[in-house]
Amino acid sequence: MAKVSESKKFTGTPGQLRRQRIEQSGAIVISLLMSVWMLVNLVKAPEQFVQVAISGLRNGLIYALIALGYTLVYGIIELINFAHGDLFMLSAVFSSFFITYWIGADQSNPKGWLAFASCLVAVMIFGAVVNVLIERLAYRRLRNAPRLAPLITAVGMSFLLNFIGLKWNGSTPRQWPTVIPSGDIYIGEIRISLITLWLFLIGLPLLLALNYLVTNTKQGKAMRATSQDKDASTLMGINVNKTIAFTFALGGAMAGAAGLLYQQSIGTTSYNLGFQLGLIAFTSAVLGGIGNLWGAVVGGLLIGLIQGLNDGLPYAFGQAWSQSVVFAILIIILVFRPAGLLGKSVTEKV
Amino acid sequence: MAKTIAPNNVAKSNRKWITGYSIIGLLLFITYQFLLPWEGLPLGIYDAIYRWMPPSAINESLVYIIMALGLNIVVGYAGLLDLGYVAFWAIGGYCAGWFMSEFFYFLNINFLGSVPAEAPGIHINFWMVLLIGGFVCGVFGILIGAPTLRLKSDYLALVTLGFGEIIPQVFFNGENFFGYNISNGTKGIVGVDPIPVGVKNLGPFDFGWKLLIFLLLTAVMVFISLRLRRGRLGRAWLAIREDELAASMMGVPLMRTKLAAYAVGAFAGGLGGVAFATHVNGVYAERFNFTISIFLLAMVVLGGMGNVWGVILGAFILSWVNGNGLTAFGQLYNEQFGTDIDFASFTFLLFGLVLIFMMLFKREGLLPESRLKLMLHEDELDQIDASSKSGDK
């Protein structure tokens with residue numbers, strides 16, 4: 001009898017097993033409900049479905065770019081960088097001023113493309129510099145403080161950036177000319193705007209480049225080592241401060257690119273843009289598994305898709321409930337699977 | 001024999017504040033109820049009070065103090081970051097809107113209400129609505145907390161933030177909530193019953209008497225905070241705040257204790273919500289936004305997490321600055337120097353800087369609580385420890 005129980009493979013304590021069962025049944029129920037919802041809508045209005053799915057994925061790409069910043073920073077210093085969404089907002093405002101006022105391009109022509117290309121570089125540098133400055137001035141001093149302190153500082157930083165945005169952009173939303181061609185192409189009955197195509201053409205290489213940087217370079221290795229154990233990486237000769245600053249720079253650059261893409265695709269900027277989008281992006285990061293790069297991308301695209309479907313489909317809650325749907329997803333994920341879709345759940349050791 | 005009834009610190013220090021509080025409260029009440037309408041008052045003082053601290057501003061800051069005290073129980077005592085406290089304010093406010101107005105015009109329920117019995121709508125006595133609001137919020141606090149309190153601290157903060165966004169949006173879109181009108185949507189519920197105090201009914205402009213009522217509510221919250229802090233539950237909260245794992249090893253039931261913190265904190269939110277609805281004589285959905293949650297958090301952080309008097313000070317300062325001080329200062333500055341600066345737009349900057357600088361340089365707040373101070377400077381103490389050890393070698 002004893003032998004049998006010994007040879008049985010240990011799969012977890014009773015509590016862990018129960019937790020796993022809850023996770024599994026929750027996942028099955030939720031995915032069933034989701035697929036029923038999508039199927040009903042697909043049957044009801046197939047063209048509309050594809051249409052809103054595409055525009056949802058376009059937003060999802062922007063969420064993914066912002067979510068990467070959250071996930072990188074959380075992965076390395078376990079801080080929810082509330083200011084990240086506002087950094088994205090500042091980048092969008094920066095791009096608008098850069099393209100429209102400083103270069104003076106207002107339509108899609110060679111000059112417009114030149115402005116766009118230079119703005120992509122400039123805004124990525126801008127985002128990186130601002131993010132590194134924030135880290136240097138505020139978060140670094142609080143690295144060993146209790147968890148509550150940096151979190152509250154991040155909220156304060158978010159307010160500060162919000163203020164800068166308010167003064168820079170003005171208190172009302174502003175409309176800007178775009179330099180990306182705004183035509184449409186048709187595949188059968190489905191209309192795809194050129195902006196969507198360009199967004200993916202610019203966004204996907206950025207994601208791949210980031211992935212390469214983190215997985216295949218020495219600096220990326222240092223980042224991964226630092227996120228695992230700061231003291232040990234110091235002993236291995238890694239400059240932890242520099243590595244963390246580099247991580248913030250990467251996240252900031254991604255937020256900068258997202259700001260430009262958002263500004264060019266939507267055409268409007270407002271000072272309180274960062275809060276809502278930042279939260280959605282953070283939800284994406286959590287959905288995919290925070291600390292996991294591809295998780296952030298998958299989560300972002302998924303959230304964008306769900307939001308797009310919810311806003312545009314006949315059987316859905318509609319745009320008025322858009323935020324509630326996203327936050328409900330956040331809460332459900334955190335309750336049933338805090339580790340996220342692609343994340344591994346780690347038991348905290350003492 | 002004398003030794004056994006030696007002065008009990010707990011009882012003593014718990015009562016001392018009542019005298020001072022009553023004196024200050026009475027002074028405020030006399031100033032606003034009798035001195036301001038008095039014709040013999042020099043015009044300069046009258047103008048100064050109206051410019052810097054008009055009667056409505058002081059009442060509003062008391063409402064903020066009530067809610068900051070509630071948030072202090074969650075954040076300061078139990079150490080759980082709550083970024084969605086505005087949800088409780090909204091629920092409390094709508095409790096007042098539902099039970100003390102003509103919103104449900106098709107009903108006619110009057111229970112000791114302050115309006116004629118034939119008036120349409122539900123009219124329940126203010127004091128009972130206070131309790132109803134408090135308890136409804138408490139139940140919501142438990143409902144929100146129960147599935148989520150198992151989470152790590154920053155995930156918990158996010159879930160509260162999510163609820164803090166969802167619940168106001170429910171009210172915002174509430175004009176058509178699955179076919180029912182539960183909140184009148186963006187139009188809001190206008191007109192809340194006056195407060196009955198036996199001899200008369202206090203309408204929206206009886207600032208002086210309502211000041212007395214808000215002072216009373218604040219005193220109740222202070223009393224609750226101080227008593228709980230000393231008791232078994234309060235000590236369990238502090239233990240969880242300082243080290244959750246150690247606390248659970250010592251036999252503190254984590255879930256129940258955290259839920260209690262949530263429920264009590266939410267109760268205060270409900271009180272504040274009902275009080276605010278009577279203060280502005282209505283409930284308006286667009287008021288309940290994320291900024292309010294952060295605003296309350298900044299009050300708690302500025303004053304000193306965990307210290308009741310610190311929180312009151314912080315809440316008073318910030319609500320004054322936000323409500324009246326900044327605009328009054330801006331007016332004075334613009335008149336003096338002939339400039340045209342919009343000072344009200346600087347609130348974001350101000351709150352951001354308060355949060356950042358307090359966290360960087362004075363984490364324990366203006367009036368620190370000694371235990372929290374030790375905890376928040378653990379990192380520096382560790383460093384001192386380490387350097388003195390290496391010095392010994």
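In chain B, three strands make an open sheet in the order S1-S3-S2, with mixed pairing. Strands here are DSSP E runs of at least two residues, helices are H or I runs of at least four, and both are numbered from the N terminus; two strands pair if DSSP finds at least two bridges between them. S1 and S2 of chain B sit at the edges with a single partner strand each, so one side of each has no neighbour in the sheet. This is a predicted model: local features need pLDDT of at least 70, side-chain atom pairs count only at pLDDT 80 or more, and totals for chains, interfaces and linings use all residues. Residues are numbered from 1 along each chain as its sequence is written, while chains are lettered from A and ligands numbered from 1 in the order in which they are written.

Now for the pairings. S1(B) (residues 100-101) runs antiparallel to S3(B), joined by two bridges: B:Met100 partners B:His123, and B:Ser101 partners B:Ile122. S2(B) (residues 108-111) runs parallel to S3(B), with four bridges, and B:Phe111 stands opposite B:Ile124.

Which way do the residues of S3(B) point? B:Gly121 and B:His123 go one way, B:Ile122 and B:Ile124 the other, and all are buried (20 or more other C-beta atoms within 10 Å of their own, C-beta atoms being placed from the backbone).

On to the contact between chains: 34 residues from chain A and 35 residues from chain B take part, where contact means C-beta atoms, placed from the backbone, within 7 Å. On chain A's side, H6 (148-169) and H13 (322-336) each supply at least two residues, and H6(A) gives the largest share, 13 residues.

Key
Contact = placed C-beta atoms within 7 Å. Buried ≥ 20, exposed ≤ 12 C-beta atoms within 10 Å, placed from the backbone.
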